[in-house]
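Thanks for coming, everyone. Let me put the structure up, and then I'll walk you through it.

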Amino acid sequence: MATERPSFELAKGINGLDKIILRESRNRSAEVYLYGGHVTSWKNENGEELLHLSSKAVFKAPKPIRGGIPLCFPQFSNFGTLEQHGFARNRIWEVDASPPPLPTNSSSNAYVDLILRPSEDDLKAWPHNFEFRMRVDLGSEGELTLTSRIRNTNSDGKPFTFTFAYHTYFSVSDISEVRVEGLETLDYLDNLKNRERFTEQGDAITFESETDKIYLSTPTKIAILDHEKKRTFVVRKDGLADAVVWNPWDKRSKTISDLGDEDYKHMLCVEAAAIERPITLKPGEEWKGRLELSAVPSSYSSGQLDPKKVLE
Ligand code: TA6
């Protein structure tokens, strides 16, 4: 249980934007920009970067930073009337000096609490008062945990409804040698086929073309295996029923101005999300959505991941 005060550094990042640096033992670190409340870096004990940041990322409002972990709120994609993925990812967040206690089993003090409240302009676009608190925690084993708490602070008695995603860009050696375990046999909405509903047939998900699928009612744990690195990312999520899997591949990449043409080969988005069943909060109610990321050595037996071994 982290009791002492959080330990983090405030620094200047790209284009002079304020960022928070979290450091753990050895070379482990994480960075989060106040612009967007945006985690842009997560490094392991060897100082290796585990998240993908676009080679052409623009660190300048109003463009959201391409890569890392963009926050999609108050809407995912165009499941609403706002800009794609909502406005939380291109607003300036603040360090929350007095957050309500957050019971966690993290033994690390490498964490920071951030907060976003709507501006007058935001209220014109989305007429709801809210407090969006997020804790970014770098655990003693190097795991990265993002805990979002969104509270309806409307004084007019009105509820509000939102969709949400942690739009995580994982760094992978070679997308053609990556497999995702934990989503097989589930239903998904295929964004490339007018969001028609299908059922996943494969025994694991592999990639050989543009992929943009919203898997529904997914398990708490999902594994992403990087064959070349013999590394498995484990995604653990609470309060987030769905998972989006996205790789733009070559053609779509060329239409994205802040994504390098070859970046798709070394990235995969697996996004813990709440989409199919939007979340409704009455005034005073709070929603919590937690994402824990870890990177473990993959265990292969005859080329297969032993899901029980990694996902236990
Ligand atoms: O999460 C997948 C997705 O909705 C894709 O359809 C693609 O639009 C991607 O997000 C990136 O969106 P962005 O607004 O960050 O360019």
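I'll start with the ligand site, then turn to salt bridges and some backbone details.

Quick ground rules. This is a predicted model, where local features need pLDDT of at least 70, side-chain atom pairs count only at pLDDT 80 or more, and totals for chains, interfaces and linings use all residues. Residues are numbered from 1 along each chain as its sequence is written, and side-chain values use heavy atoms, with hydrogens and water left out.

So, the ligand. Which residues are around it? R66, F76, Q84, H85, R89, H167, D212, V244, W246, R252 and E271.

Now the polar contacts, meaning N or O pairs within 3.5 Å. The side chain of E271 puts an N or O atom 2.9 Å from a ligand oxygen. For H167 that distance is 3.0 Å. For R252 it is 3.3 Å. On its own, the ligand has 390 Å² of accessible area, and the protein covers 88% of that. Those areas are Shrake-Rupley, 1.4 Å probe.

Next, salt bridges. How many does the structure hold? There are 26, each with a Lys or Arg side-chain nitrogen within 4 Å of an Asp or Glu carboxyl oxygen. Take R231 and E48: their side chains meet at 3.0 Å, N to O. R231 is in strand β18, residues 231–238, while E48 is in the loop between β4 (38–43) and β5 (71–72). The two are 183 residues apart. Strands are DSSP E runs of at least two residues, numbered from the N terminus.

Last, the backbone. Most peptide bonds are trans, and most residues other than glycine have a negative phi. Here are some exceptions. A61 to P62 is cis, omega near 0 degrees. P62 is in the β4–β5 loop. F73 to P74 is also cis, omega near 5 degrees. P74 is in the loop between β5 and β6 (94–95). S77 is in the loop between β5 and β6, with a positive phi of about 55 degrees.

How values were computed. Near = heavy atom within 4 Å. Polar contact = N/O pair within 3.5 Å; in protein donor to acceptor, adjacent residues only side chain to side chain. Helix = DSSP H or I, 4+ residues; strand = E, 2+ residues; numbered from the N terminus.
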